Each structure stands twice: as C-alpha cells, then as structure tokens.
Amino acid sequence: MHNILKKMFQHGTVTVDYPNKPIKSSFITGSPQFDYNKCKKCMACTSICPTGAIVFADNDREKTRLPAVNLDECIFCRFCEENCPQGAICLTNRFELAQKSREALRSSPLYIQEDEVNGLEYELLGKQLKEKVYSRFGKSLHIREVDAGSCNGCDYEINALGSPYNDIERFGIHFVASPRHADMLLVTGCVSRNMEEALIKTYNAAPSPKLVVAVGACACSGGIFKNSYAGKNGVDRVLPVDVYIPGCPPRPQAIIYGILKAIGRM
C-alpha cells in the first residue's frame with residue numbers, strides 16, 4: 001500500500017483535461033482539407049481513394065463542382081494527400097466530427113433503397129433521441145459495446161477509454177456486460193451477415209429509451225468493406241442510429257465527443 005501511494009504522488013494526475021481543454025497534438029489524424037486555389041480537378045484523389053469517399057460535389061461559394069469528402073466513408077488513410085500532384089489536400093488535426101445525422105457527414109446526397117432496410121418495422125427505424133432521453137442520461141450512462149464485424153481497430157480505441165489517461169468514468173459513464181443494463185449501444189463494424197441477428201437481439205434486449213452510436217467508418221457506411229456480399233454497409237441499415245462517429249479508427253477523444261453529443265452534454 002505504501003508503494004502504491006508513493007507512485008500516485010510521484011505520477012500525479014495523468015488524466016487528460018479533454019473536453020474542458022482542447023487536445024493539441026501533431027499526431028492526431030483528422031478530416032482532409034482541400035485548397036481549392038491549388039486544385040486543378042485532375043481527379044487523382046478520387047481515383048486513389050480506397051472507399052470512394054472523395055466525390056465532386058456542388059460548391060455554393062465557388063459556384064462549381066469541386067472535390068469534397070464524405071466523412072462517413074473516409075478512413076483517413078492519407079492516400080489523397082500523398083498522391084495529389086498539386087498538393088491541394090492535407091489531413092487536418094480536427095477529430096471532433098461526430099454528427100447526429102449521417103447526411104451531415106456527407107458532401108454528396110445519400111440514397112438508400114427501400115429494400116435495404118430488410119423489412120424492419122417502422123417503429124424500429126424511428127429516431128428515439130428525445131428531450132426526455134437527455135434528461136434521463138444527463139448525469140450517468142451505461143454502455144454495452146457490440147462488435148458487429150469490425151477489424152478490432154475501433155474496439156482497441158474503445159478499450160482505451162477506460163485507461164487512466166482518458167478515464168471516461170469521470171463523466172459518470174460505465175461499460176456493462178449485459179445489454180439489459182445498458183442505456184446505449186456502442187456498435188463497431190459494418191454489421192456482417194453473421195452478426196446481424198445478434199445485433200438486433202442485443203438492441204431488443206436493451207431497455208427503452210436507448211441510444212445507438214455507430215463508431216468508425218465501417219459502422220457509419222461500411223468503410224473499406226462497403227458493398228461487400230458479407231456486410232450490411234453500416235449500422236443504420238439494421239438499427240436506428242442516433243450519432244455517427246467517423247474515423248478508421250476514431251481516437252478515444254473523438255469517441256468521448258460523440259458519446260457526450262449523444263446525451264446532450266456537448
């Protein structure tokens with residue numbers, strides 16, 4: 001016990017001050033940014049993008065079609081930055097990208113065919129994020145993490161939330177072993193065929209009202225596995241999603257930002 005107390009005094013507080021203080025680090029990889037003064041519309045970025053996240057979209061300010069990024073599909077791989085002949089693309093340090101709507105992450109319209117919802121009931125597809133949810137989850141939250149077919153990258157970042165550096169429990173947020181004790185499902189992966197039924201059963205087991213947060217590019221859109229025969233192209237093809245957290249994988253602070261945004265504390 002003496003040695004433990006000694007180490008505590010030696011190391012002091014190691015928990016980061018985020019979100020009270022911003023994270024400033026050159027090691028953070030965030031969303032791409034375009035310099036349209038340099039861009040020659042050579043389309044090298046669109047052809048090299050492994051997920052098709054870079055598209056040509058209408059730009060109201062420039063009154064023309066310019067390259068832009070669908071952040072729900074972007075995996076922040078730097079291929080566009082490295083292969084742009086004009087050097088018109090650079091990856092920023094902006095990681096606070098979570099949105100309550102997938103359309104808010106996109107530069108091009110999102111089209112979903114009616115047959116893609118797999119016959120789920122209308123009430124299952126309805127949004128459940130209401131003001132009463134804010135008031136209920138404002139001070140405490142219990143989360144069940146669900147791996148619905150991920151590469152484990154996002155899961156490693158979620159595990160880091162419990163470290164002394166991030167310490168998500170300081171917000172009154174705890175991870176639980178059973179969905180019956182959960183207020184929120186934190187879902188990773190593109191939702192593979194083998195995990196679709198398990199994910200739906202987990203959702204149904206969680207008491208209402210409940211929140212669903214899609215973590216990572218795969219959970220948001222299918223990511224690198226988009227349009228695969230074995231995947232569902234994201235969680236919102238199976239369940240109603242309240243918050244989308246893009247990234248491949250999103251850093252722990254980005255996940256904290258998305259969780260707090262889901263419960264109205266950001």
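Q: Which residue meets Asp72 in a salt bridge with an N to O distance of 3.1 Å?
A: The partner's side chain meets that of Asp72 at 3.1 Å, N to O. The partner lies in the loop between S4 and H4 and Asp72 in the loop between S3 and H3, so the bridge ties together parts that are 34 residues apart in sequence.

Q: In which helix does the salt bridge between Lys201 and Glu197 lie?
A: The closest N and O atoms of Lys201 and Glu197 are 3.3 Å apart. The two residues are four apart, about one turn of the helix. Both belong to the helix of residues 193–205, which is H7.

Q: Are Lys201 and Glu197 buried or exposed?
A: A relative accessible area over 50% counts as exposed. Lys201 has 52%, and Glu197 has 52%. Each value lies over the cut-off, so Lys201 and Glu197 are both exposed.

Q: Which residues do salt bridges with shared partners join into one network?
A: The structure holds nine salt bridges. Salt bridges that share partners join one network of Asp72, Glu73, Arg102, Arg106, Lys226, Asp236 and Arg237.

Q: Which strands stand at the edges of the five-stranded open sheet?
A: The strand order is S6-S5-S7-S8-S9, and the pairing is parallel. An edge strand here has a single partner strand, so one side of it is left without a neighbour in the sheet. The edge strands are S6 (173–175) and S9 (243–245).

Q: What is the average twist from one strand to the next?
A: The sheet in question is the open one of five strands with parallel pairing. From one strand to the next, its twist averages 25°.

Q: What is the bridge partner of His142 in S6?
A: Strand S5 (residues 141–147) pairs with S6 in the parallel sense over three bridges. His142 is bridged to a residue of S6, namely His174.

Q: What angle does the direction of helix H9 make with that of S9?
A: Helix H9 (residues 252–262) packs on the sheet. H9 touches S5, S6, strand S7 (184–188), strand S8 (211–215) and S9. The angle between the direction of H9 and that of S9 is about 175°.

Q: Over which residues does pLDDT stay under 50?
A: The protein chain averages a pLDDT of 83, and 82% of the residues score at least 70. Where pLDDT is low, the predicted coordinates should not be read in detail. The stretch under 50 has 26 contacts beyond four places in sequence in the model, and it covers residues 114–132.

Definitions and conventions
Residues are numbered from 1 along each chain as its sequence is written. This is a predicted model: local features need pLDDT of at least 70, side-chain atom pairs count only at pLDDT 80 or more; totals for chains, interfaces and linings use all residues. Side-chain values use heavy atoms; hydrogens and water are left out. A salt bridge is a side-chain nitrogen of Lys or Arg within 4 Å of a carboxyl oxygen of Asp or Glu. Buried means under 20% relative accessible area, exposed over 50%, partly exposed in between (1.4 Å probe, protein chains only). Two strands pair if DSSP finds at least two bridges between them. Axes are lines fitted to C-alpha atoms, for helices over the stretch in contact, and angles run from 0 to 180 degrees between N-to-C directions. Contact means heavy atoms within 4.5 Å. pLDDT is the predictor's confidence in each residue, from 0 to 100.
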